[in-house]
Amino acid sequence: FLTISKAARADLAREGIPPEQVTVEYLGVDQGRFRRGTRAPEPHLIFVGRLKAYKNVEALFDVLVRTPGAILDVVGEGDHRPDLEAAIRRRGLAGRVRMHGYVDEETKIELYGRAWVNLTASRSEGWSLTVMEAALCGTPSAALAVGGLVESIVPGETGLLAVDTDELTERVHEL
């Protein structure tokens, strides 16, 4: 068997597949496609990914509320988008959350480069290509310490990990 992280190998073991039968090969990205950008003058946070309930994007709204003056760019599409848009309206965040939907690669690279911090509060993650993409654009990540995120983020080099939303907010402020 082949999988993308030690965390995913542990998941397979819980399903009864012996770990010695599972090879871990980390995912990569084309380094030549990404570049550093020009930071936005005001704090910009970014989430890039599928808009699914398990991605826990609502937790990022909590981080945003506790980060005065920050803007959150949400890049991606998915069936959870209507719920996120409703939460944005309900919480009065329409002026601080920008829902970009699907964007082309050049726009994504520009948004990563403008951001001060790349965020994820996912409840489950096999790895995280967005952590790698953001790092190649010079943008650190802050994430909940779940699944492959523990392996894809190098603490103090490519970002910081947190155990809950309160600590995630602290990590964002540190970065």
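Mentor: Helices (H or I, at least four residues) and strands (E, at least two) are DSSP runs, numbered from the N terminus. This is a predicted model, in which local features need pLDDT of at least 70 and side-chain atom pairs count only at pLDDT 80 or more, while totals for chains, interfaces and linings use all residues. Residues are numbered from 1 along each chain as its sequence is written, and side-chain values use heavy atoms, with hydrogens and water left out.

The part to look at is helix α5, residues 129-136, where T130, V131, E133 and A134 are buried, that is, under 20% relative accessible area with a 1.4 Å probe and protein chains only. These four lie on the same side of α5 because they cover an arc of only 165° around the axis, the arc being that of the directions from the helix axis to the C-beta atoms. The cover over the buried residues of α5 includes β3 (44-48), α4 (105-114), β6 (117-120), β7 (141-144) and α6 (149-152), and contact here means heavy atoms within 4.5 Å. Just after α5, G138 takes a positive phi of about 80°.

Turning to the whole, the protein chain has seven helices and eight strands, and 47% of its 175 residues count as buried. Among its contacts between residues at least 6 apart in sequence, 65% join residues at least 24 apart. The C-alpha atoms fill a box of roughly 50 × 35 × 30 Å, taken along the principal axes.

Technical notes: Buried < 20%, exposed > 50% of the residue type's maximum accessible area, 1.4 Å probe, protein only.
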